[in-house]
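Have a look at the structure first, and then we can go through a few points together.

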Amino acid sequence: MRLFTLLRRTLPAFALLCGLAAGAPAAAAELVGFSDTRFRPGTIVIRNSEKRLYLVLRGNRAIRYKVAVGKRTKSWTGQAHITAKYIRPDWAPSPEVRRDHPHLPTLIRGGAPNNPMGVAAMTLSNGNYAIHGTNRPGSIGRAVSYGCIRMANHDIQDLFQRVGVRSPVVALP
């Protein structure tokens, strides 16, 4: 019985890291050239105007992901770092989101189909923002959030296993 309980508790995390959760492959969006020498390998660079996130690699390369960014008045620029990583995180709407959408519950449990965080999230040091999956894949490629960076669930799975806590994040206009 103990083995069954252990497997039941650890299998979802193992599946996520292996790219098996929700039946999605953990393939990165695109390997591209990246010659901006301001950023060291391991840095996450968000280009809001492109609605793209780059994970800088060695050899003037990066992995490029399509993302959703903050609405015109909500997007952020500047520097931060990853403070924590979560699999199937709970979500509680911020006071601003609750003001705009008072019908929302105070908490949506991780894994629930209406949880906007998707399969994984990484919180940032710059306040109430995160890089996370989504339950609205149609929002990817648009400026729709309150400042968070949304990724397709298979893309957040890939990025999640490539970066760690303290990884630098830079958001450009």
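1. Let's begin with Arg 88, which is partly exposed, with a relative accessible area of 40% (buried means under 20%, exposed over 50%, partly exposed in between, using a 1.4 Å probe and protein chains only). Arg 88 sits in the loop between β5 and α2 (95-100). Its phi is positive, about 50°, although Arg 88 is not a glycine.

2. A word on the basis of this note: this is a predicted model, where local features need pLDDT of at least 70 and side-chain atom pairs count only at pLDDT 80 or more, while totals for chains, interfaces and linings use all residues. Residues are numbered from 1 along each chain as its sequence is written, and side-chain values use heavy atoms, with hydrogens and water left out.

3. Lys 51 also deserves a look: its phi is near 55°, a positive value in a residue other than glycine. You will find Lys 51 in the loop between β2 and β3 (strands are DSSP runs of E, at least two residues, and helices are runs of H or I, at least four, numbered from the N terminus). Lys 51 is partly exposed, at 22% relative accessible area.

4. The largest nonpolar core has 24 residues, and Ile 44, Ile 46, Leu 53, Ile 131 and Leu 159 have the most contacts inside it. Such a core is a set of buried Ala, Val, Leu, Ile, Met, Phe, Trp, Tyr and Cys residues joined through side-chain atoms within 4.5 Å. Elements giving two or more residues to this core include β2 (44-47), β3 (52-57) and α3 (153-162), and β4 gives the most, with 4 residues.

5. Finally, which residues does Leu 159 contact, leaving aside its neighbours within four places in sequence? They are Ile 44, Leu 53, Leu 55, Tyr 65, Met 122, Ile 131 and Met 151, where contact means heavy atoms within 4.5 Å.
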